[in-house]
Amino acid sequence: MRRGNLTWAGEFILLGVSSNRQTQAGLFVLFAAAYLLTLLGNGLIILLALLDARLHLPMYFFLCHLSVVDIYYTSSGVPQMLVHLVLEKKTISFARCGSQLFFSLALGGTEFLLLAAMVIYDRYMVIYDLLRYTAVMGPKRCTALAAVSWFVGVANSVVEIAITMRLPTCGHQVLNHVACENLALVSLACVDITLNQVVILASRVVVLLVPCGLVSLSYAHIVAAILRIRSTRGRRKAFWTCASHLTVVSMSYGMALVTYVRPQSTALAEQDKLVMLFYAVMTPMLNPLIYSLRNRQMKAALSRVLMRSSEPKQ
């Protein structure tokens, strides 16, 4: 596409992680297996939460939303990565690149906000004010928190997409990344990118730093409440109540902070690709394993559903 002396790329070339065919074959098997486990694990959480009435609780309501986010997030990028691992020409069209970036930003932002909503309201109320838990975490409030998380995530993505995909590249079309990533696309621009830098900074504050700060503050209150419990058994039980969520929060926020809240440099490009691969491929696979393996209610629900399905029909 051309306008005056400025041009826009019709497609982009992704350099990926490695050009070695054996490495690519190994990564294909790893990513394909992880993607399949992601779909199965997160799909199982959604299915159990829908079929078992005992899981109709705020925590599992948010878990369902997180599972939906994980399924769509990994589906927005991993299939394209798998295709590029078997093809010699690793190109992606302008339209597909824009849609991939939109879903990546929208779902990533939504996940950060959902995780924050879970700890600020759900986990905090369980530990700090259990008597008011049912009254505070009613269906309307849970739905409102989820709706706000989705709205802010999508709105943030729309704004970033609008100012990123308008940038002319003046013939530059090689992305040193595994997918269409915002900072990688902005780096190709041949015009002033001050507006993009301001919007990206504001986005990091809204969907990453503010939720991360609120989560840290909430966990500080939770830890203080746990330490006030006199019995060792009570403290251990309270800790394990939050352990799975804390593990997922640490992985998600930790990798995002490593990638986005530090000075950008060419020397760190390879590290950025590895962090994004882990976040896009491994984290959505690990989330259901962390929640289900540490959660007796989830395992009991699976047993009940399997028993019901095996019962002979009258």
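This is a quick walk through the packing of one predicted protein model.

Housekeeping before we start: numbering runs from 1 along each chain as its sequence is written, and side-chain values use heavy atoms, with hydrogens and water left out. As the model is predicted, local features need pLDDT of at least 70 and side-chain atom pairs count only at pLDDT 80 or more, while totals for chains, interfaces and linings use all residues.

Okay, the overall picture. We have 10 helices and 5 strands, taken as DSSP runs numbered from the N terminus (helices H or I, at least four residues; strands E, at least two). Of the 314 residues, 47% are buried, meaning under 20% relative accessible area with a 1.4 Å probe, protein chains only.

Now, the cores. By nonpolar core I mean buried Ala, Val, Leu, Ile, Met, Phe, Trp, Tyr and Cys residues joined through side-chain atoms within 4.5 Å. The largest one has 58 residues, and Leu63, Tyr253, Val281 and Tyr291 have the most contacts inside it. Elements giving two or more residues to this core include α1 (21-51), α3 (94-128) and α9 (269-293), but α2 gives the most, with 11. Take Leu63: leaving aside neighbours within four places in sequence, this residue is in contact with Ile45, Met118, Tyr291 and Met298, contact being heavy atoms within 4.5 Å. There's also a second, separate core of 13 residues, with Cys97 and Leu185 among them.

Last stop, Ser149, in helix α5. Buried or exposed? Ser149 is buried, at 4% relative accessible area. Its side chain reaches the backbone oxygen of Leu145 at 2.9 Å. Beyond four places in sequence, Ser149 is in contact with Thr110, Leu113 and Leu114.

How values were computed: Buried < 20%, exposed > 50% of the residue type's maximum accessible area, 1.4 Å probe, protein only. Polar contact = N/O pair within 3.5 Å; in protein donor to acceptor, adjacent residues only side chain to side chain.
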